[in-house]
Amino acid sequence: MENTFTYGITGNEAGMTVAEYLKSRGYSSRLVVRLRNTPGSFFVDGTAVFSTCVLKDGNQLQVRVAEKKSSAAVEPVPMDLDILYEDTHLLVVNKPAGMAVHPSQGNHGNTLANGLADYFRKKQEAFVFRAVNRLDKDTSGLLLVAKNGLSSSLLSGQVERREICREYLAAVCGKTDACGTVSVPIGRKEGSAIQRIPDPDHGEAASTRYERLLYNKNTDLSLLRLRLETGRTHQIRVHMKYIGHPLPGDFLYNPDFRYIRRQALHSVRLSFSHPFTGEVLIFSAPLPEDMACLFPGQELPSFSRPGADPDLPTASLSPWDNDF
């Protein structure tokens, strides 16, 4: 699959090299190098040029970004995928609990990457797996995947600038405050390859906001809506345990499996600007049954809304949405 992007050079852009201009447009250094090493990537006014070509006012720059080979290390494996949205540049998928995002030790053929590799093989499209956000194996919900190198660069830039909003629902032990913010640095636990701990002295800054939506007095579980201001590994799981409200079913931080067999965490809503059109896209994924049944007889919050209509009101929960 090949995408061609055209840019008109004006004003202060004149005098830049092709490489400098593309980096100013959000192309990563890695992508620019890949394009530079691919013949036929750059054209100025219809003539093939190198990345060192100096642009002039009025030039038309064309950039061809092609995916010619699929990820050789990812084996295509047929599986049912819940793809909520797809266009030329990206897709959004609702990942079930128990599915790893990418192959790793112990997960070689049952990952989301394997399923997408098969999906694009059947479409006869080259595909390199580029997950923009990550979810733990046992966390369910929304995942954003870039379909080409440029969309990956632009969406990764949104992540760095905290322009991609991720909201979660989590069941936690005990009755929490009505709302709050946890701002405690997180670091790696000494001697562990995966476990994280609160580490005010050496950890990376981490901040999580939460709002209690429901409480089940019979099980002493609260349903929280959470929004990440940072994206550290296991951030919600570590922060909730830190304030005395760990997630049930969390094999690392609270191995209490009386009510659920996996950490009760779900990526419920994802919103961002389309990297090329600028359109605000908002997606939601319903709470899975294993979490919904933790609050029987209670009205579960609805985050349902179309994927590309920023004018609809947010879920009727509180003015909390406007605080970000």
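**Exercise 1. Determine how C293 is classed by accessibility and what its sulfur can bond to.**

Solution. C293 has 42% relative accessibility and therefore counts as partly exposed; buried means under 20% relative accessible area, exposed over 50%, and partly exposed in between (1.4 Å probe, protein chains only). The model is predicted: local features need pLDDT of at least 70, side-chain atom pairs count only at pLDDT 80 or more, and totals for chains, interfaces and linings use all residues. Residues are numbered from 1 along each chain as its sequence is written, and side-chain values use heavy atoms, with hydrogens and water left out.

A disulfide is a pair of cysteine sulfur atoms within 2.5 Å. The closest cysteine sulfur to that of C293 belongs to C173 and lies 15 Å away, too far for a bond. The structure holds zero disulfides.

**Exercise 2. Identify which residues of the largest nonpolar core touch the most other members, and which element supplies its largest share.**

Solution. A nonpolar core is a set of buried Ala, Val, Leu, Ile, Met, Phe, Trp, Tyr and Cys residues joined through side-chain atoms within 4.5 Å. The largest has 29 residues, of which L116, F129, L143, L226, I236 and M240 touch the most other members. Its largest share, five residues, comes from α3; helices (H or I, at least four residues) and strands (E, at least two) are DSSP runs, numbered from the N terminus.

**Exercise 3. State what F129 is in contact with beyond its sequence neighbours.**

Solution. Contact means heavy atoms within 4.5 Å. Leaving aside neighbours within four places in sequence, F129 is in contact with S71, V101, H102, A113, L116 and V145.
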